[in-house]
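Reader: I would like to learn how to read a ligand shell, a sheet and a single loop residue. Can we take them in turn?

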Amino acid sequence: MNKNLPRREMLRWLTYAAASTLVACHFTDPTTSSGSVNWSAQDASKTPAPSPTPRLGSVSSATIKVPENFVFIKGGTFLMGSPTFEPWRGQDEILHLGTVSDFYMSKYEVTQEEYQEIMGYNPSTFSGKNLPVENVTWFDAITYCNARSKKEGLTPVYTINGQSVSWNRGANGYRLPTEAEWEYACRAGTTTPFNTQTSISAEEANYYGHYPYEIEENYFSQGNLATKPGQYRQTTVAVGSFAPNRWGLYGMHGNVSEWCWDYYGPYSTQAQNDPTGPTSGTLRVYRGGGWNDFAKHLRSAYRAAAPPTHSSYNLGFRLVLGTPTTFASVTETVNIANTGTGKGNILIAYFTWSGNTRSIAHRVQQITGADIFEIQLVNPYSTDYNTVLDQAQRDQNRQARPRLANRVEQMEQYDTILLGYPNWWASIPMPIASFLEGYKFTGKTIVPFCSHGGGRFGQSLTAIAKLAPDATLAKGLSVYYSGGPNLQNEILFWLRQNGILKP
Ligand SMILES: Cc1cc2nc3c(=O)[nH]c(=O)nc-3n(C[C@H](O)[C@H](O)[C@H](O)COP(=O)(O)O)c2cc1C
């Protein structure tokens, strides 16, 4: 256990979690795919069949069947993003009109059984055939889409050529939703933070139930909370365990986040028609939040992003099928932006409040011999635990950029930054944002390490990825407080995994 951490603090973070009420959860049997619905029959009445110029990948609608566990989503126009008054919104959620065409979406996240059947293996951390598959990269997800399309006689939509991926919108196979389709489907006509209205409870979704919406600003007096703290299950649960949204989709909030097609990039304020995101980038969007996320990160508008090679026990996907009318003859080719190598000159840069991250950073320094830099503030946070909790949530809420007291000399000499920080309110402390905005990270690799009190990385990796989109974000290490007796081995494994130490 950590000697630097005031025992009082550690107990507080843990006691709070332990004292939360346990809420009974009603689990229903998930439906698995069986039977099929004739696709053209469902659609024929809704939209006139187009007569696209025949081209590679186009198919006749008459031959397509839609699995029973898909729902038809009638296209429409909606408000994408969040209004400026929505608590805990991100600045990247600019409200704008989005229009999406008709599509079909799977009612559930892809299960481990479905994944195993097509891919022949199951990468998930948790085990159970009706649990959502997780630990899948974006590349794994699109590979599954193609493999399942082939198996079912559909035309694969993705052409995967190393890091470069094309999406043939004329093909009729399985695919990921676009970010706009995902949000449209999640909202199911709602404009509130969640499709369950203004709050979401642990009986409505599987998430880090100790931290319901707006707990941050009501931590010490919870009377005003619309939803009180509930169960934190610390695992995925069977798909279909909670009530569906108004359009019959299960688990759009929580359980696992879901990969989308789009590269992460800024929204336009202009109305968008069937947007597919930027044509290049380094991060892919994922949505909806997972079992390990606070409620604020489950919001319909919340945008998470990670490199397409990233995987996590908190992240899976669900499927979409286009309708014949949306087989527009568009082929997009997108490329992954420049990536670093994870080697070369190394700098360990870290921020700490109570010392845990410092002790981990020094351990890493002993092993690597790298230069080390502690990020310090012109106006340090209070040393009082309750006060810093409040200061930190306020800073995060207004996306403050605290002024830093020191700078890395000649940052250009470093190729790899081992970036250490404590998990604060399920994300990074804002001094890390000041640090990331203070330098150019193009071509550099950031290798995060996060000290936490049970929440692991929270959404800190998304926050780093968004702030340094031109850096390569390598595999992170999360350490419980200052780490246990196995810390040395965990660090060694992590450094080897990232090619910083030889195997
Ligand atoms: C302001 C504040 C917010 C915190 N928020 C979280 C959290 O959301 N999840 C979590 O697991 N731990 C949280 N913790 C606990 C810290 O992540 C943990 O104590 C960490 O080891 C502190 O690292 P440090 O000693 O380098 O500051 C928080 C601590 C503070 C002071």
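Author: Start with the ligand. In this predicted model, α7 gives the most to the shell around the ligand, with three residues.

Reader: Which residues come nearest to the ligand?

Author: The shell has 23 residues. Asn356, Thr357, Pro422, Gly453 and Gly455 come nearest. Next, look at the elements behind the shell. Two or more residues come from each of α6 (356-368), α7 and β20 (445-452).

Reader: How many residues of the shell are nonpolar, polar and charged?

Author: Eleven are nonpolar and twelve are polar. No charged residues belong to the shell around the ligand.

Reader: Now the sheet. How do strands of a sheet pair?

Author: They pair through backbone hydrogen bonds, either parallel or antiparallel. Here, three strands form an open sheet in the order β3-β6-β15, with antiparallel pairing. β3 (70-73) and β15 (320-322) are the edge strands, each pairing on one side only. From one strand to the next, the twist averages 25°.

Reader: Over how many bridges do β3 and β6 pair?

Author: Four, in the antiparallel sense, with β6 covering residues 103-106.

Reader: Last, the loop residue. Why is Asp415 partly exposed?

Author: Count neighbours. A residue is buried at 20 or more other C-beta atoms within 10 Å, and exposed at 12 or fewer. Asp415 has 17, so it is partly exposed. Asp415 sits in the loop between α7 (385-397) and β19 (416-422).

Reader: How far apart are Asp415 and Lys444 in sequence and in space?

Author: They are 29 residues apart in sequence. In space, their C-alpha atoms are 4.8 Å apart.

Conventions. Residues are numbered from 1 along each chain as its sequence is written. This is a predicted model: local features need pLDDT of at least 70, side-chain atom pairs count only at pLDDT 80 or more; totals for chains, interfaces and linings use all residues. A residue is near a molecule or strand if its C-beta atom, placed from the backbone, lies within 6 Å of it. Ala, Val, Leu, Ile, Met, Phe, Trp, Tyr, Cys and Pro count as nonpolar, Asp, Glu, Lys and Arg as charged, and the others, Gly among them, as polar. Two strands pair if DSSP finds at least two bridges between them. Axes are lines fitted to C-alpha atoms, for helices over the stretch in contact, and angles run from 0 to 180 degrees between N-to-C directions.
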